[in-house]
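These are my notebook entries from going through the structure, written down in the order in which I looked things up.

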Amino acid sequence: MLTKRIVPCLDIKNGRTVKGINFVDLRDAGDPVELAKIYADTGADELVFLDISATEEKRRTLHDLVMRVAAAVDIPFTVGGGISSVEDIDDLLHAGADKVSINSSAVKNPSLINKASAKFGSQCITVAIDAKQIDGDWFVHLVGGKVPTDINLFEWAQEVEKRGAGEILFTSMDHDGTKDGFANEALEVLSEMLNIPIIASGGAGNMQHFADTFIKGKADAALAASVFHFKEIEIQDLKKELKKQGVAVRI
Amino acid sequence: MKIVIINYGAGNIQSIKFAVQRLGYEAVLSNDVNEIKAADKVIFPGVGEASSAMKMLKETGLDKVIPTLKQPVLGICLGMQLMCHSSEEGNTKGLSIFDTDVHRFEETVKVPQIGWNQIADLQSDLFAGIKENEFIYLVHSYYAPLCKETIATTNYGLKYSTALRKDNFYGTQFHPEKSSKAGTQILNNFLKL
């Protein structure tokens, strides 16, 4: 049976992990490769690296990091952040990334989704969507959620699927950082409306939140950062709990 | 041991090279016919779209060479699919090593299938030491149905072939290089054939 995926997300700046990380068994808490190895060995199903640096050196640094991760880690990983062209995607896939995640550039230039999926196959093109609920409707936001648009989340998600995205990573700005649970109502709509996998992101605080997003939100995967980085939730414990609640997981 | 990974412009081949390295071997990326023919083991990767991948194989003449190889050959994901008669993806004619066509999953399941599923009905030395229902990583929209060359099966809306074998030719729909310890074991088994 296809299992639900648990996906730790690492924020990367200039080749190092940022945001707080509390791993006592890490020699170097800032090294994404060491953290990635630990997650791979303790049951993570996939990893996401989100590059938030904005330097000119960025592409080279990210390319090198992707190669180092691919050399060390035996589970799949996605790279996102500032990817704006077919060449960027080609470079990251050749460095060893399994999937790339495109966000703002897909909104600004939707044909990038078509071009990328035709060239590399839908399966490696994830479109990330950040959205926020305003007066009951969900609107897509850009630049890490800072810039609002008048694009409706559900219409955009349908368009993204039609253009060839293999997967959608949906982050609710309303839930992100709250540790109050995922946006399960919107996730359920997305999951039933579309025929590609949906990754839930934003709001993970405890193990029940993950169970809820798989059962109520019908998500195919759940992404989180701080609850894993600060060891508030151990992935193996989480999977045992999910299994107990009838969610198919890889243990 | 000389291991060659066929390099015909398909996507993520670094990962396979690294996985071979983690097992203590070196692999060469090559599209040189003589180098491929002289290898002890040949890995035929593939990430991408079937018709464009097949076009690249034809441009280098590799479409004629691969079916004549005598050493163990392992096709991975799209590599395995291209070793079949044909694929519905881009109406592509394949290498006809395996006696089956490749179809797209019906819309009764989410397409692509992305994630960890299980392999069962395991046959062949490729799966030595691997238990039934072991988890492996898959990411694909097209599948090979069950056929006489099936050596592993998986359920996703229907039961299909996650590995095929004919003589010295092996194919896995899953990515051994991304399937954690089990995948490493399967890759090691192949290198020891």
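Salt bridges. I counted a salt bridge wherever a side-chain nitrogen of Lys or Arg lies within 4 Å of a carboxyl oxygen of Asp or Glu. With that rule I found that A:R5, A:E46, A:K99 and A:E167 are linked in a network of salt bridges. I note here that this is a predicted model, in which local features need pLDDT of at least 70 and side-chain atom pairs count only at pLDDT 80 or more, while totals for chains, interfaces and linings use all residues. Residues are numbered from 1 along each chain as its sequence is written, chains are lettered from A and ligands numbered from 1 in the order in which they are written, and side-chain values use heavy atoms, with hydrogens and water left out.

Searching the whole structure, I found 23 salt bridges over all chains. One of them joins the side chains of A:E232 and A:K179, at 2.6 Å from N to O. A:E232 sits in the loop between α9 and α10 of chain A and A:K179 in the loop between β9 (167-172) and α7 of that chain, so the pair ties together parts that are 53 residues apart in sequence. For the element names I used DSSP runs numbered from the N terminus, helices being H or I with at least four residues and strands E with at least two. For burial I took under 20% relative accessible area as buried, over 50% as exposed and anything in between as partly exposed, with a 1.4 Å probe and protein chains only. By these limits A:E232 is partly exposed at 44%, and A:K179 is partly exposed at 31%. I also looked up B:R104 and B:E107, whose side chains meet in a salt bridge at 3.8 Å, N to O, and B:R104 is partly exposed at 32%.

Helix α5 of chain A. Just after the helix, A:G121 takes a positive phi of about 90°.

Helix α8 of chain A. In this helix, residues 207-215, the buried residues are A:H209, A:F210, A:A211, A:D212, A:T213 and A:F214. At its start, a side-chain oxygen of A:N206 reaches to within 3.0 Å of the backbone nitrogen of A:Q208. A:D212 is buried at 16%, and A:D212 forms a salt bridge with A:K216, the closest N and O atoms being 3.9 Å apart.

The interface. The contact takes 32 residues from chain B and 40 from chain A. The two chains bury about 2800 Å² between them, 52% of it on carbon and sulfur atoms, where buried area is the accessible area (1.4 Å probe) that two parts lose on being put together, summed over both. In chain B, B:K110, B:I114 and B:W116 lose the most area to chain A, together 26% of what that side buries. The rule finds two salt bridges across this interface, and I looked up the one in which the side chains of A:D220 and B:K110 meet at 2.7 Å, N to O.

Backbone of chain B. Most residues other than glycine have a negative phi, and most peptide bonds are trans. I therefore listed the exceptions that I looked up. A cis peptide bond joins B:V111 and B:P112, with omega about 0°, and B:P112 lies in the loop between β7 (101-104) and β8 of chain B. B:C77 has a positive phi near 55°, lies in the loop between β4 (73-76) and α5 (78-82) of chain B, and is buried at 7%. B:S96 also has a positive phi near 55°, but B:S96 is partly exposed at 33%.

How values were computed
Contact means heavy atoms within 4.5 Å. A polar contact is a pair of N or O atoms within 3.5 Å; within protein, one must be able to donate a hydrogen and the other to accept it, and residues adjacent in sequence count only if both atoms are side-chain atoms.
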